[in-house]
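Please read each point beside the coordinates.

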Amino acid sequence: MSQIPRAYEPGRIEKKWYKLWLEQGYFTPQIDPSKKPFVIIMPPPNVTGELHLGHALTATLEDIMVRWHRMKGEPTLWLPGTDHAGIATQVVVEQQLAKQGQTKDEIGREKFTKLTWQWADKSRKDIRHQHQLLGASCDWTRERFTLDEGPSEAVRTAFVRLYNKGLIYRGERMINWCPRCQTALSDLEVEHKDIVGHLYYVRYPLTENEGFVTVATTRPETFLGDTAVAVNPEDERYKNIIGRSVTLPIIDKEIPVIADDAVDTSFGTGALKITPAHDPTDFEVAQRHNLPLVNIMNPDASMNENAGPYQGLERFACRDKIVADLKDRNLLEKIEPYFHSVGHCGRCQTMIEPEVSLQWFVQTQPLAKPAIEAVKDGKINIIPERFTKTYFDWMENIRDWCISRQLWWGHRIPVWYCQECDKLTVSVDEPSACTHCSSKQIIQDPDVLDTWFSSALWTHSTLGWPEDTDDLRYFYPTSVMETGYDIIFFWVARMIMMGLEDTDEIPFHTVYLHGLIRDESGEKMSKLRGNVINPAEAISKYGVDALRFAITTGTSPGNDINLGKGKLESSRNFVNKLWNATRFILRSLDAEAPKGQAVDERPQKIEDQWIHSQLNQLIKNVTELMEEFQFGEAEQQIYDFVWSKLCDWYIEIAKIRLRSQLTPSPLPLLVDTLEKSLRLLHPFMPFITEELWQSLKQRLPDEDQMPASIVLAPYPLADDKAIAPEAERVMDSVIEIVRSIRNIRAQYKVKPDKWIEAQVYTGELLSSLSTQANIIETLAKVRPLKMLGRQEREPDKDKVLVLVLKEAEVVLPLAGMIDRLAEEQRLLKESEETKARIAQLDARLKDNAFLNKAPPQVIDKEKQKLAMLEDKLKRLHQELSQLSSSSADS
Ligand SMILES: [Zn+2]
Ligand SMILES: [Zn+2]
């Protein structure tokens, strides 16, 4: 039989298995109406470049869920895909053009779109490759791109349906305008930054009388677009001028003074300039008072013909000139520094202009209602639960969604304007004529849809909607939507709204939100800080399994994760530990028998019962944790079991029996424990577990009946009958005895190969501990070892060291090598620690919250623990008093 190599080489093994899994079609589920499927639709990465660590986290968490459900025998679909990412991708391609000294307008829409497709195709290929590197077990036969024909038809269909229901409209509304990208942006695409600006106090002369009204503004240049001054009707200062008018300086335009309750009398002078075309609040005031809108800017934020003498000036140059001109005319009362928050384009960081513009909107309130209900009713669960409140807050205050973008990259708006009758034709398929007057003079809207419009349909468009496909019928609603908490509004909320709207069903039952990956000191990773870990580099250095393990172990939903070199290294150490343990077991198997033997259902030896019990308890815990989406904790527990219980203890104990060829051989159980551990670990570390499992399988008696790959092997089920509390108690004691003797040996620098004498005094465990004497002897290097009942212990005449343990006492003769003072301090420290633990437990057992919540067996266990600790404390005190009396003797 083939030997496994001395060292683990991740790269070679990863490639080999992924290729085989793909060839065998393990990731493509069969539709089986008798079984309930498990479905995750992958959040599609943007085709803007390479995957970062956040993507690796998303892919790993989803792969954990998917592999686990597949092993549970459920038809499991993980559908991968990518997002065209409208503005983000367009900006990337524009930047590349700029490097060659070109702009998109110079090369034109057609050529630009072609270039962007080339970029997207390459990027999709890279992303697919990187997901495969990570071991993502997705069904590549069903891969989708948001601009594919299917999802595009879904986009047009959803648009037309909403339009026909009156939920999509075109109107002049306040939007965020990016003068560089020259497109509208939704509120979510705007980043707010706090900046120090100025508050300018500008005097508007009264038209009929002498005097002024002074208004305060951060953007004095917008006075060119003012159509009123508003004051609060209750404001005594301005009562007499309501209904009169003022004259805008320089351009000599007369505008009314109006009264509106919304005016805050404490801001500035209490008189507000109203610029409805360039301020969201002013826009609302204008709607109430029927004021005209005057747009004063071109799309690039230079001033237009409405700006009179300032036409053609760039917005900030215009501001400087206006401030100077107002000063000259003595119309600038004062300038104050002013700290405020200003919106910037999320893609290019240009300061946005709030602007009234003719755009397409989705009326979201009617869509939000059922989406709120679905979460309230518990049809959709959000994990962690605290994000439910965030979801409600946003959904209950939702504003209409501006969906048109003045971009070239994306889904064209399916609306055609008739040149003859001016009416609109809104259609899924390209019309050949106006549906109202049959004119052929129709022109399609040049704009594209917000990229999140197609993402909102992702869960159903990928499965074939609007067609009634087998996939849609079987796999929808999907199971889990796993994504970062930072896009709950951009995406999750909109998917719920659109899923319900289009299909009348929720798109998924569970929303699982993960946190951000930060560096080891908790700082955000950024190129600027130079603390970014590139997943591809980490993979080539540590292997995929180690990376996956490092970013998910010990984490919990919704919480940020700290990652540094240390965690990656310790994950790699774990992989190596597993590799070496398996090598040892395989070598022993080959030496003892060509094929392993069946396992005893009820092992006879205490240490066998113990590991068997621990394994089954682990399986039970892991299953529960997985069901509760606590993958990080499940992984931590498997790690602790494999590293400590299996490798550090059980294998070491088994070696003693193997060396002396004692029967029964520990090998069958060792093999069984390892084999189940590999299956438990497979969803987290797919590659090493497959490699080791395959080697192990060849040596098993029932090889023929086992599946061809661990991917298809069943996830282990716990056997309650295997739980053996008595064996656990004995082995806990054995481990404690060995550990404490080893500590003392280290503390007193006893040479590793030197045998020392020991006596162990036990309580109730005497007979069972005696059967483990051989183990204690070998592992603690003590000989002769005497085991006696605790009551047999006589006050020590010789100089000895006494270790007071939970259930036993270990007495080591020290023959002059002990420092009595140090010994006293050690005992004092130990009794202080025991006291602290007693106090802790005592408080817990007096805590009503705990007593009401905890199951009775847990409370009993705590009480037992307390009794043991109190007994231990008593014995420690005895030792201390003896030590002082014997030192008085000497
Ligand atoms: Zn921009
Ligand atoms: Zn027409």
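1. The zinc ion (ligand 2) has Cys418 (SG), Cys421 (SG), Cys434 (SG) and Cys437 (SG) as its protein donors, at 2.2 to 2.4 Å. Donors are N, O and S atoms within 2.8 Å of the metal (3.2 Å for Na, K and Ca), and since water is not among the atoms, sites may look incomplete. The angles among the four donor atoms are 105 to 114 degrees, and the site of this zinc ion (ligand 2) is tetrahedral. Four donors count as tetrahedral if all angles lie between 85 and 135 degrees; four count as square planar and six as octahedral if opposite donors are over 155 degrees apart and all others between 65 and 115; anything else is irregular.

2. The model is a predicted one, in which local features need pLDDT of at least 70 and side-chain atom pairs count only at pLDDT 80 or more, while totals for chains, interfaces and linings use all residues. Residues are numbered from 1 along each chain as its sequence is written, chains are lettered from A and ligands numbered from 1 in the order in which they are written, and side-chain values use heavy atoms, with hydrogens and water left out.

3. Along the chain, the donor residues of the zinc ion (ligand 2) have the spacing C-x2-C-x12-C-x2-C. Cysteine 418 is buried at a relative accessible area of 2%, whereas cysteine 421, at 27% relative accessibility, is partly exposed. Buried means under 20% relative accessible area, exposed over 50%, and partly exposed in between (1.4 Å probe, protein chains only).

4. Cysteine 181 is in the loop between strand S5 (168-178) and strand S6 (183-185), and cysteine 348 in the loop between strand S13 (332-345) and strand S14 (353-362), so the pair ties together parts that are 167 residues apart in sequence. Both cysteine 181 and cysteine 348 are buried. Helices (H or I, at least four residues) and strands (E, at least two) are DSSP runs, numbered from the N terminus.

5. The largest nonpolar core contains 131 residues, and those with the most contacts inside it are Met626, Phe631, Ile638, Leu670, Phe684, Tyr715 and Ile737. Helix H18 (residues 631-659) contributes the largest share of this core, 15 residues. A nonpolar core is a set of buried Ala, Val, Leu, Ile, Met, Phe, Trp, Tyr and Cys residues joined through side-chain atoms within 4.5 Å. Leaving aside residues up to four places away in sequence, isoleucine 638 touches Leu618, Val622, Leu680, Leu681, Phe684 and Tyr715, contact meaning heavy atoms within 4.5 Å. A second, separate core has 61 residues, including Phe387, Ile488, Phe489 and Met497.

6. The structure contains 57 salt bridges, each defined as a side-chain nitrogen of Lys or Arg within 4 Å of a carboxyl oxygen of Asp or Glu. One of them joins lysine 872 to glutamate 830, with the closest N and O atoms 3.1 Å apart. Lysine 872 is in helix H26 (residues 856-889) and glutamate 830 in helix H24 (residues 820-846), so the pair ties together parts that are 42 residues apart in sequence. Arginine 844 and glutamate 862 also meet in a salt bridge (2.7 Å, N to O). Here arginine 844 is in helix H24 and glutamate 862 in helix H26, so this pair ties together parts 18 residues apart in sequence. Glutamate 862 is buried at a relative accessible area of 7%, and arginine 844 is partly exposed at 40% relative accessibility.

7. Arginine 875 forms a salt bridge with aspartate 871, the closest N and O atoms being 3.1 Å apart. The two residues are four apart in helix H26 and thus separated by about one helical turn. Arginine 875 is buried, with a relative accessible area of 4%. Salt bridges that share partners link Arg790, Glu809, Asp871 and Arg875 into one network.

8. Five of the six residues of strand S29 (residues 808-813) are buried, so this strand is largely enclosed by the rest of the structure. Strand S28 (residues 800-804) runs antiparallel to S29 and is joined to it by five bridges; two strands pair if DSSP finds at least two bridges between them. S28 and S29 form a hairpin with three residues between them, and valine 804 stands opposite glutamate 809 in S29. Strand S26 (residues 756-762) is likewise antiparallel to S29, with four bridges between them.
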